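Subject: Structure handover and findings

Hello,

Here is the structure for your pocket work. Please load it first, then read the notes below.

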Amino acid sequence: MKSSKASILTVAEKCKNILASNWEGRLSTIIANAKDSKGDIYSSKVKYMVKRGKPYFWVPENDMHNVNTILDERGSFSVASPYPGPLANFFISMKKLPARVALTGDVVPLRDDKVQIAIETLREMISSEQKAMSEFSYSVSGILSSCGPSCALRRENLQELVDRCEQYVVYKFNLSSCMFVDGNGGTHEVNLEEIEARKADILSPFSANLIDGINQSEVRRRALLLFCFVYKNANVKDAYMLSIDRKGFDVLGKVVPSPTMKDDGFGEYQWKEFRFTFKEEARCVEAFCTQLVQMEEEALKNVSSYSGLGSSS
């Protein structure tokens, strides 16, 4: 494994990956009130796609956003890093929030001709993801097949926007600011030019399913425990895959307290985040899964050598 700044994504890259890995976010607009506008905020979840660094929203035709934006185009949009299945239960139990992107800007309705272009772009995006799925190897399909029933593919969630496009109003979001909010609540302002210039990882559209497939598999979860022990010298009782990218992945580990911690009265388990980096960047889903399996095999060999099981006479 590598260990350097070059092995960590920039904040702008993290933002682009989150936007590319999700399909739904929370849009907030100022409530239209002709008599007494107090600047009250209305929020709801909307589905979206990203084109050339800008989000495009599909807002249901009966949603209040359609009225609000007539009088005031200003809005904000928040998208969280995917947290499917067991990961969602973890965040709820710990009363924590996942890393997310917070955007502000103007919510501008598209003309009819631009709407058709947006729909075609979305249709091509869905088709591309479907084609990639059909070409995945057995090992990748095996991980994806472990996903829970609530973790639908991104393209399945977006397909509805194409099938029922007449039931939505399509908007472009002209950005004025971008903020990355990490898992601890820390905020990091991002340059908009950098957001537009960066490209999301090719594996981002499949990250939610890969994360859930790993977290739903007992074998894969045990491998995460080995990673923490072998590569980080950490004794963990439980672990979840938190996020993935082309340079590696992040794991949440439930660290077993040391004897010193117990003597000091801090004997409770503590959840800690561990970063694991690949020897080479994973430019596609296949490469990610291949390197993950290689790390699993390497970790098993190391554990065998520690215990003497791997020695030969």
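Start with helix 8. Nine of its nine residues are buried, so helix 8 is largely enclosed by the rest of the structure. Buried means under 20% relative accessible area, exposed means over 50%, and partly exposed is in between (1.4 Å probe, protein chains only). The buried residues of helix 8 are Ser207, Ala208, Asn209, Leu210, Ile211, Asp212, Gly213, Ile214 and Asn215. Helices (H or I, at least four residues) and strands (E, at least two) are DSSP runs, numbered from the N terminus.

Some housekeeping. This is a predicted model, where local features need pLDDT of at least 70, side-chain atom pairs count only at pLDDT 80 or more, and totals for chains, interfaces and linings use all residues. Residues are numbered from 1 along each chain as its sequence is written, and side-chain values use heavy atoms, with hydrogens and water left out.

**Overall fold**

The chain has eleven helices and ten strands. Its radius of gyration is 22 Å, close to the 20 Å from the globule rule for 313 residues, so the chain is as compact as a globular protein of that length. That radius is taken over C-alpha atoms, and the rule is 2.2 Å times the number of residues to the power 0.38. Along the principal axes, the C-alpha atoms fill a box of roughly 80 × 50 × 35 Å.

Of the 313 residues, 46% are buried. The chain exposes about 16,600 Å², and carbon and sulfur atoms supply 50% of that area. Areas come from the Shrake-Rupley method with a 1.4 Å probe; for residues, only the protein chains shown count as cover. Take the contacts between residues at least 6 apart in sequence: 69% of them join residues at least 24 apart. Contact means heavy atoms within 4.5 Å.

The largest pocket holds about 750 Å³ of space. Its lining has 38 residues, and the closest to the centre are Ala99, Leu242, Ser243, Asp250 and Glu273. Two or more lining residues come from each of helix 1 (11–21), helix 3 (86–94), helix 8 (207–215), strand 8 (236–245), strand 9 (248–255) and strand 10 (270–277). By class, the lining divides into 21 nonpolar, nine polar and eight charged residues.

The second largest pocket holds about 550 Å³. It is lined by 22 residues, with Asn22, Glu24, Lys45, Ala80 and Tyr83 nearest its centre. Strand 1 (24–30) and strand 4 (74–80) each supply at least two lining residues. This lining has eleven nonpolar, seven polar and four charged residues.

On a 1 Å grid over the protein atoms alone, a pocket is an open set of points with protein on both sides within 12 Å along at least five of seven lines, and lining residues have an atom within 4 Å of a point. Grid points are joined across faces, edges and corners, and a volume is the space filled by probe spheres set on the points. Ala, Val, Leu, Ile, Met, Phe, Trp, Tyr, Cys and Pro count as nonpolar, Asp, Glu, Lys and Arg as charged, and the others, Gly among them, as polar.

Helix 1 is mostly covered, with nine of its eleven residues buried. Among them are Glu13, Cys15, Lys16 and Asn17.

In helix 3, look at Pro86. Pro86 is buried at 14% relative accessible area. Not counting residues up to four places away in sequence, Pro86 touches Asp212, Asn215, Gln216 and Tyr240. Asp212 and Asn215 are buried residues of helix 8.

**Single residues to check**

Val107 is in strand 5 (residues 100–109). Val107 is buried, with a relative accessible area of 1%. Leaving aside neighbours within four places in sequence, its contacts are Leu27, Thr29, Phe57, Thr69, Glu73, Gly75, Tyr171, Lys172 and Phe173.

Which residues have a positive phi without being glycine? Arg52 has one of about 55°, and Asn233 also has one of about 55°. Arg52 lies in the loop between strand 2 (41–51) and strand 3 (54–60). Arg52 counts as exposed, at 74% relative accessibility. Asn233 is in the loop between helix 9 (218–232) and strand 8. Asn233 counts as exposed too, at 71%.

Best wishes

Methods
On a 1 Å grid over the protein atoms alone, a cavity is a set of points where a 1.4 Å probe fits but cannot get out, and a pocket is an open set with protein on both sides within 12 Å along at least five of seven lines; lining residues have an atom within 4 Å of a point.
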